[in-house]
Amino acid sequence: MRIDVLTLFPPMLDGFLSESMLGRAQAAKLLEIKVHNLRDWTKDKHNTTDDRPFGGGAGMVLKCEPVFAAIEELQTPGCRRIYLTPDGTPLSPALALELSQQQHLVLLSGHYEGIDQRIREKVIDQEVSIGDYVLTNGTLAAAVLIDALARFIPGVLGEEKSLTTESFTSKLLDFPQYTRPAVYRDMSVPEVLLSGNHGEIEKWRHAKQVEKTSSVRPDLLK
Ligand code: 6GU
């Protein structure tokens with residue numbers, strides 16, 4: 001899978017993409033991610049990427065010219081061109097899974113105030129939001145989207161099994177985990193986990209999942 005990210009702030013992604021699971025996934029050629037500076041597609045001497053909105057109002061609007069030029073250069077037949085914006089479709093596990101099965105994504109990171117509507121209509125296939133809050137720009141949102149979908153690419157997570165038993169794929173939040181020592185500062189690990197009785201452990205874990213979900217996310221139980 002290949003992902004091209006278009007942003008005004010490439011350094012925001014550098015450390016993020018080279019660390020941990022995503023760094024390893026790229027080293028293992030499971031995933032190829034290229035980050036591009038939108039400014040590289042400007043033609044004027046001030047490298048202008050935005051301008052004042054027609055009709056007035058506060059803030060600046062991302063211009064058509066550099067975005068059309070960038071996307072037309074990066075796109076491939078059948079690729080999915082996604083604009084990250086708070087007014088897009090909410091990111092869900094189902095959407096992350098679907099996007100993980102694409103060959104090629106082009107991600108356009110949003111701008112503070114907005115982008116020219118003609119970009120959305122002509123060179124964007126899908127608009128995605130990562131939640132009901134507003135970020136100063138879409139670059140972090142692009143990072144979140146990449147991380148969420150990378151987990152679904154076979155081989156990216158160490159153990160395939162961890163995918164299916166984790167939060168949200170099962171619609172239940174996770175059970176509590178413990179590791180050694182069995183007693184730390186007078187706090188003991190629940191007895192059942194030390195019992196070696198796998199049936200009882202499964203039952204306990206499921207009960208804890210239901211308990212946690214009903215207290216934190218009752219909406220998931222409906
Ligand atoms: Cl995709 N972009 C921005 N700027 N803010 C957001 C978002 C995206 N998703 C939630 N908030």
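Strand S5 (80–90) is the biggest giver to the shell around the ligand, handing over three residues; strands here are DSSP runs of type E with at least two residues, numbered from the N terminus. Strand S7 (126–129) also gives two or more residues to that shell. This is a predicted model, so local features need pLDDT of at least 70 and side-chain atom pairs count only at pLDDT 80 or more, while totals for chains, interfaces and linings use all residues. Residues are numbered from 1 along each chain as its sequence is written, and side-chain values use heavy atoms, with hydrogens and water left out.

In total, 13 residues sit around the ligand, where being near means having a heavy atom within 4 Å of it. Thr 85, Ile 130, Gly 131, Tyr 133 and Leu 135 come nearest. Sorted by class, the shell has eight nonpolar residues, five polar ones and no charged ones; Gly counts as polar, and Tyr as nonpolar.

A polar backbone atom of Tyr 133 is 2.5 Å from a ligand nitrogen, and one of Ile 130 is 3.0 Å from a ligand nitrogen. The protein covers 98% of the 290 Å² of accessible area that the ligand has on its own, as worked out by the Shrake-Rupley method with a 1.4 Å probe.

As for the overall layout, the domain assignment, which is automatic or from a database, gives domain 1 (2–150) and domain 2 (167–221). Their centres, taken over C-alpha atoms, are 38 Å apart.

Notes:
Polar contact = N/O pair within 3.5 Å; in protein donor to acceptor, adjacent residues only side chain to side chain. Helix = DSSP H or I, 4+ residues; strand = E, 2+ residues; numbered from the N terminus.
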